Amino acid sequence: MENIKLFESQKIRSSWDNEQEKWFFSIVDIIQVLTDSPRSRKYWSALKTKLKNEGSELSHNMGQLKMMADDGKMRLTDVADTEQLFRLIQSIPSPKAEPFKQWLAKIGYERIEESQDPEKAIDRAMENYLKLGYSTAWINQRLKSIEVRKELTDEWENRGVKKGQEFASLTDIITQAWSGNTVKQYKNLKGLKKENLRDNMTNLELVLNMLAEATTTEISKENNPKTFADNKKIARKGGEIAGNTRKQIEEQTGKKIVSPQNAKVLKEDSNKLKE
């Protein structure tokens with residue numbers, strides 16, 4: 001489960017491993033945060049070689065996970081758990097080292113809290129989006145969309161759909177059916193690379209995306225798909241229902257709903273309303 005964590009408003013890709021009950025963090029993202037280096041990958045490559053020459057086992061024990069890269073594709077990247085990061089930070093001279101260690105400890109504690117009280121996860125998501133400059137109205141829609149998405153992915157898992165490529169394929173079918181664009185085309189329209197598409201949708205785009213996903217969930221529950229091909233047909237049906245709604249709204253308003261507006265524009269609009 002990939003997440004984005006914020007340290008001083010800077011994004012760090014992270015993934016929670018349910019089996020190991022550990023957070024894993026992208027090392028190059030952390031180096032970027034600690035050093036402000038524009039070439040964090042080169043910095044990490046040099047540091048990894050230095051650690052190896054010193055006989056450190058740390059560089060050998062690092063794992064890799066697929067995370068969203070700058071080009072919007074899932075690519076393998078070096079990751080480290082919290083314990084490894086505490087040791088790694090000692091090799092990175094940075095005035096941010098101590099605040100970052102405190103942040104890491106806080107992230108671990110928060111995960112324990114959230115497992116005992118899921119509402120805390122929602123509250124923290126709200127706080128993070130506010131820090132990023134989103135409006136409260138937009139955030140409420142976004143949090144609801146997360147809930148709807150979770151219900152859909154749970155349904156897919158129950159039907160034997162595999163995480164990763166199969167999830168992505170079904171998502172692409174739904175998105176194209178309601179918006180007229182594949183996920184890649186939609187992101188290109190908004191000028192996105194590694195950013196989350198939903199984080200860059202307008203309120204109405206989010207609503208229609210939720211309608212498409214919620215409808216797909218309900219159709220799946222009623223039809224009990226047995227194969228991936230069956231799930232693809234249901235995904236298309238769910239998306240088409242929301243797509244018909246989009247077309248009706250556009251006919252009534254004379255405006256296109258699928259918009260090139262991205263998070264930057266949404267935040268600027270939110271700030272104007274505050275002034």
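This dialogue goes through some features of a predicted model.

Reader: Which counts of helices and strands does the chain have?

Author: The chain of this predicted model has twelve helices and five strands.

Reader: How much of the chain is buried?

Author: Burial is read from relative accessible area, with buried meaning under 20%. Here, buried residues make up 42% of the 275 residues in the chain.

Reader: What part of the contacts joins residues 24 or more positions apart?

Author: Take the contacts in the chain with a separation of 6 or more; residues 24 or more positions apart account for 55% of them.

Reader: Now a helix pair. At what angle do α7 and α10 pack, and how far apart are their axes?

Author: Helix α7 covers residues 136-158 and helix α10 covers residues 203-223. Their packing angle is about 20°, and the axes lie 9 Å apart.

Reader: Are these two helices roughly parallel or roughly antiparallel?

Author: Angles under 35 degrees count as roughly parallel. The angle here is about 20°, so α7 and α10 are roughly parallel to each other.

Reader: Is the crossing left-handed or right-handed?

Author: For α7 and α10 the crossing is left-handed.

Reader: Which residues make the contact?

Author: From α7, the contributors include W138, Q141, S145, V148, L152 and W156. From α10, they include L206, V207, M210, A214 and T217. Sorted by class, the contact of α7 with α10 has nine nonpolar, six polar and seven charged residues.

Reader: Take S145 from that list. Is S145 buried or exposed?

Author: S145 sits in helix α7. Its relative accessibility is 1%, so S145 counts as buried.

Reader: Which residues does S145 touch?

Author: Leaving out residues up to four places away in sequence, S145 touches L206 and M210. Both L206 and M210 are among the α10 residues in the helix contact.

Reader: Now a strand residue. Where is G63 found, and is G63 buried or partly exposed?

Author: G63 belongs to strand β4, which spans residues 63-68. G63 has 30% relative accessibility, so it counts as partly exposed.

Reader: What does G63 touch, and how far is G63 from D81?

Author: With residues up to four places away in sequence not counted, G63 touches T77, D78 and V79. G63 and D81 are separated by 18 residues in sequence, and their C-alpha atoms are 9.0 Å apart in space.

Definitions and conventions: Residues are numbered from 1 along each chain as its sequence is written. This is a predicted model: local features need pLDDT of at least 70, side-chain atom pairs count only at pLDDT 80 or more; totals for chains, interfaces and linings use all residues. Side-chain values use heavy atoms; hydrogens and water are left out. Axes are lines fitted to C-alpha atoms, for helices over the stretch in contact, and angles run from 0 to 180 degrees between N-to-C directions. Helices (H or I, at least four residues) and strands (E, at least two) are DSSP runs, numbered from the N terminus. Angles under 35 degrees count as roughly parallel, over 145 as roughly antiparallel, 65 to 115 as roughly perpendicular and the rest as oblique. A crossing is left-handed if the near helix is turned anticlockwise from the far one by less than a right angle, and right-handed if clockwise. Contact means heavy atoms within 4.5 Å. Ala, Val, Leu, Ile, Met, Phe, Trp, Tyr, Cys and Pro count as nonpolar, Asp, Glu, Lys and Arg as charged, and the others, Gly among them, as polar. Buried means under 20% relative accessible area, exposed over 50%, partly exposed in between (1.4 Å probe, protein chains only).
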